[in-house]
Amino acid sequence: MTSSNTAPGAARSLSRVAPSAPLHLMHKNNHVTIDFETRSPTDIRYGAHRYAQDDQTEVMCLAWIAPGDADVNLWAPAYPHVGLPERGVELLPKLFKAIEGRVPIEAHNASFERAVWEYICVPKMGWPAILPEQWRCSASVAASFALPRSLDGVSQALNVSHKKD
């Protein structure tokens with residue numbers, strides 16, 4: 001997730017991101033949509049599992065939106081070497097409650113988010129496991145409708161106003 005621009009003088013919370021769609025388009029579904037940003041010395045072209053299993057792969061942030069949310073939630077780990085505290089930790093309990101309540105978890109190309117969650121977040125951060133049947137993949141849904149699998153491609157094909165950034 002690339003940080004969004006904020007209008008000059010606008011207040012912005014460290015743990016919330018301005019909505020990227022009008023409020024009437026906000027998350028009304030019965031699932032949580034997640035998106036990780038990561039970095040690793042392992043090339044992602046070797047596959048999501050190999051990438052996430054590399055001990056040097058780091059989660060840079062997790063963005064998600066849950067049923068009823070009007071804003072995207074953002075968690076980021078602490079970076080004490082540059083003076084940045086953990087952000088959004090107060091938002092995680094609601095996410096974890098949804099996971100433990102077996103709410104479906106959606107991601108575009110969910111195999112990547114699933115690998116990061118299973119190989120990094122659960123063992124290294126103590127986050128709850130997500131059951132295999134909870135995962136939903138919006139890229140697979142797009143492909144089932146003969147649309148491009150890439151987020152940018154499906155956005156263009158559907159002519160949505162908010163494109164991948």
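In which loop does N109 lie? Select N109: the residue is in the loop between β5 and α3. The model is a predicted one, in which local features need pLDDT of at least 70 and side-chain atom pairs count only at pLDDT 80 or more, while totals for chains, interfaces and linings use all residues. Residues are numbered from 1 along each chain as its sequence is written, and side-chain values use heavy atoms, with hydrogens and water left out.

**Two positive phi values**

Stay on N109. Its phi is near 65°, a positive value in a residue other than glycine. Most residues other than glycine have a negative phi. N109 counts as partly exposed, at 33% relative accessibility; buried means under 20% relative accessible area, exposed over 50%, and partly exposed in between (1.4 Å probe, protein chains only). Now select R102, in the loop between α2 and β5. Phi of R102 is also positive, near 65°, and at 58% relative accessibility R102 counts as exposed.

**The whole chain**

Switch to a cartoon of the protein chain. Its secondary structure comes to five helices and six strands, where helices (H or I, at least four residues) and strands (E, at least two) are DSSP runs numbered from the N terminus. Along the sequence the pattern reads β-β-α-β-β-α-β-α-β-α-α. Of the 165 residues, 37% are buried. With a surface display on, the chain exposes about 9700 Å², and carbon and sulfur atoms supply 56% of that area; accessible areas come from the Shrake-Rupley method with a 1.4 Å probe, and for residues only the protein chains shown count as cover. A contact means heavy atoms within 4.5 Å. Among contacts between residues at least 6 apart in sequence, 59% join residues at least 24 apart.

**The nonpolar cores**

Select I34, F36, L62, W64, L95, W117 and W127. Of the 31 residues in the largest nonpolar core, these touch the most other members. Such a core is a set of buried Ala, Val, Leu, Ile, Met, Phe, Trp, Tyr and Cys residues joined through side-chain atoms within 4.5 Å. At least two residues of this core come from each of β2, α1 (48-53), β3, α2, β5 (105-107), α3 (110-125) and β6 (135-137). The most comes from α3, which gives seven residues.

Centre on F36. Leaving aside neighbours within four places in sequence, F36 is in contact with V59, C61, L62, F112, E113, V116, W117, C121 and W127.

**Cysteines**

Select C121 and then C137. C121 is buried, with a relative accessible area of 0%, and C137 is buried at 18%. How many disulfides does a search of the whole structure find? The count is zero, a disulfide being a pair of cysteine sulfur atoms within 2.5 Å.

**H31**

Next, select H31, in the loop between β1 (16-17) and β2. H31 is buried, with a relative accessible area of 11%. Its side chain makes a polar contact of 3.4 Å with that of T33 and another of 3.1 Å with that of E106. A polar contact is a pair of N or O atoms within 3.5 Å; within protein, one must be able to donate a hydrogen and the other to accept it, and residues adjacent in sequence count only if both atoms are side-chain atoms. Not counting residues up to four places away in sequence, H31 touches I65, A66, P67, V103, P104 and E106.

**Salt bridges**

A salt bridge is a side-chain nitrogen of Lys or Arg within 4 Å of a carboxyl oxygen of Asp or Glu.

- Select R39 and E58, whose side chains meet in a salt bridge (3.1 Å, N to O). R39 lies in strand β2 (residues 32-39) and E58 in strand β3 (residues 58-65), so the pair ties together parts that are 19 residues apart in sequence.
- Select K94 and D69, which form a salt bridge (2.6 Å, N to O). K94 lies in helix α2 (residues 92-100) and D69 in the loop between β3 and β4 (72-75), so the pair ties together parts 25 residues apart in sequence. K94 is partly exposed at 48%, whereas D69 is buried at 7%.
- Select D43 and R45, joined by a salt bridge (2.6 Å, N to O). D43 is partly exposed at 27%, and R45 is exposed at 73%.
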